[in-house]
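Take a look at the sequence and the structure below. Then follow the text through them step by step.

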Amino acid sequence: MRIHGAPFSPTERRFLQLVALPLLEQLLDRLQLIRVSQEQEQEQWDRFRQRPGGASSPCVT
């Protein structure tokens with residue numbers, strides 16, 4: 001039963017704490033990793049473009 005004015009019932013609050021919030025945190029962590037990876041890739045391309053000549057891509061084999 002919901003207490004008047006309370007945004008979530010105790011059951012809803014427990015669900016949010018145990019399920020929803022950890023999933024959202026995991027999603028945000030993964031998005032941050034993707035962002036960092038994309039920034040690193042962009043920096044690698046920027047360095048590659050500044051070099052005269054060179055290979056056709058910045059990938060190291």
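**A walk along the chain**

At 38% relative accessibility, Glu-39 counts as partly exposed. Buried means under 20% relative accessible area, exposed means over 50%, and partly exposed lies in between (1.4 Å probe, protein chains only). This is a predicted model, in which local features need pLDDT of at least 70, side-chain atom pairs count only at pLDDT 80 or more, and totals for chains, interfaces and linings use all residues. Residues are numbered from 1 along each chain as its sequence is written, and side-chain values use heavy atoms, with hydrogens and water left out.

What does Glu-39 meet? Its side chain joins that of Arg-35 in a salt bridge, 3.2 Å from N to O. A salt bridge is a side-chain nitrogen of Lys or Arg within 4 Å of a carboxyl oxygen of Asp or Glu. Side chains of opposite charge can pair when their charged atoms come close. Arg-35 is partly exposed too, at 49% relative accessibility. Both residues sit in helix α1, four residues apart, about one turn of the helix.

How many salt bridges does the whole structure have? A search finds two. Asp-46 and Arg-49 form a salt bridge as well, with their closest N and O atoms 3.4 Å apart. Asp-46 and Arg-49 are about one helical turn apart, because they are three residues apart in helix α1. Asp-46 is partly exposed at 34%, while Arg-49 is exposed at 55%.

Now the helix itself. The chain has one helix and zero strands. Helices (H or I, at least four residues) and strands (E, at least two) are DSSP runs, numbered from the N terminus. Helix α1 covers residues 10-50.

Next come the rings. The structure holds one aromatic pair. The ring centres of Trp-45 and Phe-48 are 5.7 Å apart and the planes stand at 85°, so the pair is edge-to-face. Rings of Phe, Tyr and Trp (its six-membered ring) pair if their centres lie within 6.5 Å; planes under 30 degrees apart are stacked, over 60 edge-to-face, and the rest tilted. Phe-48 is buried, at 13%. Trp-45 is partly exposed, at 27%.

Finally, the surface. Of the 61 residues of the chain, 7% count as buried. A nonpolar patch of about 570 Å² accessible area is formed by Leu-21, Leu-24, Leu-27, Leu-28, Leu-31 and Ile-34 together. Patches take residues with over 30% relative accessible area and no salt bridge, joining like charges within 9 Å and nonpolar side chains (Val, Leu, Ile, Met, Phe, Trp, Tyr) within 5 Å. Accessible areas come from the Shrake-Rupley method with a 1.4 Å probe; for residues, only the protein chains shown count as cover.
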